[in-house]
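Please open the model in your viewer and keep the sequence panel beside it.

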Amino acid sequence: MYDLISPLLSNAIVFANIIALMAISSTLSLSITNVPNFAVATFGTIGIYISFTCINFFGIGLYPSLFFCFIGGGVVGVIIYYLLVRPLRRRGATREQLMIATLGLDIFLIALLNIYADYLTYTFKIRTREFTLGVHDFTLGGLKGVLIISLLVFFCILIALHLIFTRTNVGIAMKALGEDPVLAECEGVDTDRLCMITWFLAGALPATAGVFYPVNWISNPTVSLYLVVSVFASCVLGGFATIYDAAVGGYIIGLTQTLLISYLAGVIGSWILPYGFLVALLIMIATVFLFPQGLYGLPWGEMINKIRNIFTSIRVRWRLK
Amino acid sequence: MMVPGLDFLVTLIIYILIFLIVTLSYNMAYGYTGVPDFGRAMAAGAGGFLCGYLPGRLMAFVLGIQGDYIENSISIVGKVNAFLGDNPLMSIALLMLTLLLAALAGAALGLLASLPMLRGLRLFYLGVTLLAIQIGFNTIAYYWKPLIGGPLGIPVPDPFRWLTHYSLLGIPPASMRLVGVIIASGIVLLIVGYYCISVGKSPLGRLLKAVRDDEKGAEALGRDTRKLYVKVMTVSYAFTGVAGALFAYYGGYVVGLQFDKVGWTFWPVATVIVGGLANYKGTIIGTAALITLRRLILFYKSDLEFILPFSPVWLEDFILGIVLMLVLIYRPQGILPEKPEIPLSREEIEEIKEKRR
């Protein structure tokens, strides 16, 4: 067996896909429904356990279970919207209270996943912690299946979201809802249904991303505790504004974190490996202190103009055409 | 089914005393000033890890004990404890010194934690940043071996050992140590409680509430809100640091994951919200209720194990999440709602002015 690209790079890309999908979900729920979602990484863990259940109990393969994770995660998102977010907003909760409520939701979901894992272990005597699903993966032409599928899923979702937000009425209404909920409602937009759709996506995307995690890494009900730092780092880097910034932020964080740490482990020593997510943390703190608006808020137009001006001046000086 | 006995009660009292320090100081930051401080576990960790790092090494240096501290920590701490057991004055001095240093360590972290606020971060960004910094801090403490022995942890010298030579009011000498813990945390709690309650009643407390309700308005009236944020965070982190040090002395052992975000950030958040913001009575009631609940779950753990199809450890987190969500949906003002500040009438103000002259 041979590898077309190094396993390190392949793992880094898979990780970046996972983080980027979660970052998109978190950005969606904040920018459209104005709810800061702390439980986003735990939605990913829900995906891990849905696919675990599909494989072990229903004999569904690893990648076919993606479909069930998408639906299952979405349903969880909708349930959370109806049971938690909507009552809170009806009561006129502040953003602070919504934030703490999702924090409570995060703890609750982690406890629930632990209870589920315990239940499976006690009842069916199967291993539900510290497992990997790598054996269910395939290789195609020297590439790991998880790399191909995760890239495919990530770009399909990104393109689908792009089309939804630019071509359909629902997507444009969602954008309007994010800009000004009162005005959107005045224009006859059904905000309740749109929020429900947003929360469906906010639950479905991380759960789908969760399927890829156990293929490469050891999984527990508590993996979200460490993923959450990377996810928030990429959201902050992106600027919590649009899905494209979140995707770029996720890719930057995911790739840097994995590649830099394995490079440093080779130079300094393997003791540095557990500190992996500190890279994400440092990038996040740097973003917060240097450009708090994130990539979205950077003056891209000015920068491009400046670079163009430099080229023009060079062309003029050297009398090029 | 067992009935909770005296042991349970003593542990409960110690937990309530120590956590009251945390929740009262947390109430000052979140309840009064409105800082969504999700990195509070960092302060408790600073105190606790300091207890694992400093007193043992200090005493080993004083007593001239040789050898690598991390490798031989158990034997070195044993020797130190034997020495401390015979020297009450030395023990008290060590305890006071470490509590002071824990307060300083907490204050330093509080300064660090108020930096993002100086950059203009509020609400979600601030909460996320502090939470991420706290996770990073705890991970370093857990994996970095020279600090407190990495994943294995490290024993803490016992400054209450000398009490076991005495007996008071018929308490067996072996339990006198816990009496010492109760007295020490009680004294700290008195100081912290007096400070927090009097801040709440003073003009400073009203200013903090004003900043929480309308930051721009307070700034427009000439108040330096940045300075206030720094002060509040520093003081309240310092108090929490002392609580962490007391907890480490009580437990006698420190591990990097002991001061985790659920136990030392989210439970205080839940307590303050359940009790009612900016309200010391509510905080006291909330702390007593929630800590009793947690201790009861732990106490009945072995009984629950037979009934439940899962490990009862998760019940604690499960209940925490449910409590947070339900309270926010159904009673967001808490058990005891915050009382509105009724301003003095014009005549009363004039009267006070006349008296001053």
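Begin by selecting chain A, where buried residues make up 49% of the 321 residues; a residue is called buried if 20 or more other C-beta atoms lie within 10 Å of its own, exposed if 12 or fewer, and partly exposed in between, with C-beta atoms placed from the backbone. This is a predicted model, in which local features need pLDDT of at least 70 and side-chain atom pairs count only at pLDDT 80 or more, while totals for chains, interfaces and linings use all residues. Residues are numbered from 1 along each chain as its sequence is written, and chains are lettered from A and ligands numbered from 1 in the order in which they are written.

With chain A still selected, colour by secondary structure: there are 14 helices and two strands, taken as DSSP runs numbered from the N terminus (helices H or I of at least four residues, strands E of at least two). The radius of gyration of chain A is 21 Å, close to the 20 Å from the globule rule for 321 residues, so chain A is as compact as a globular protein of that length; the radius is taken over C-alpha atoms, and the rule is 2.2 Å times the number of residues to the power 0.38. Along the principal axes, the C-alpha atoms of chain A fill a box of roughly 80 × 60 × 35 Å. Of the contacts in chain A with a separation of 6 or more, 75% join residues 24 or more positions apart, a contact being two residues whose C-beta atoms, placed from the backbone, lie within 7 Å.

Next, select A:N34, in the loop between α1 (7–33) and α2 (40–57) of chain A, where phi is near 65 degrees, a positive value in a residue other than glycine. Is A:N34 buried or partly exposed? A:N34 counts as partly exposed because 15 C-beta neighbours lie inside 10 Å. Then move to A:F240, in the loop between α10 (224–238) and α11 (243–267) of chain A; phi of A:F240 is also positive, near 55 degrees, but A:F240 is buried, with 24 other C-beta atoms within 10 Å.

Now turn to chain B and select helices α7 (residues 176–201) and α10 (residues 225–251), which pack at an angle of about 175 degrees with their axes 11 Å apart. The axes are lines fitted to C-alpha atoms, for helices over the stretch in contact, and angles run from 0 to 180 degrees between N-to-C directions. The angle makes α7(B) roughly antiparallel to α10(B). Show side chains for B:V181, B:A184, B:S185, B:V188 and B:V192 in α7(B), which meet B:F239, B:V242, B:L246, B:Y249 and B:Y250 in α10(B).

For the last stop, display both chains: the contact takes 34 residues from chain B and 37 residues from chain A. On the side of chain B that touches chain A, α5 (123–143), α11 (261–275) and α14 (313–330) of chain B each supply at least two residues, and α5(B) gives the most, with 11 residues.

How values were computed: Angles under 35 degrees count as roughly parallel, over 145 as roughly antiparallel, 65 to 115 as roughly perpendicular and the rest as oblique.
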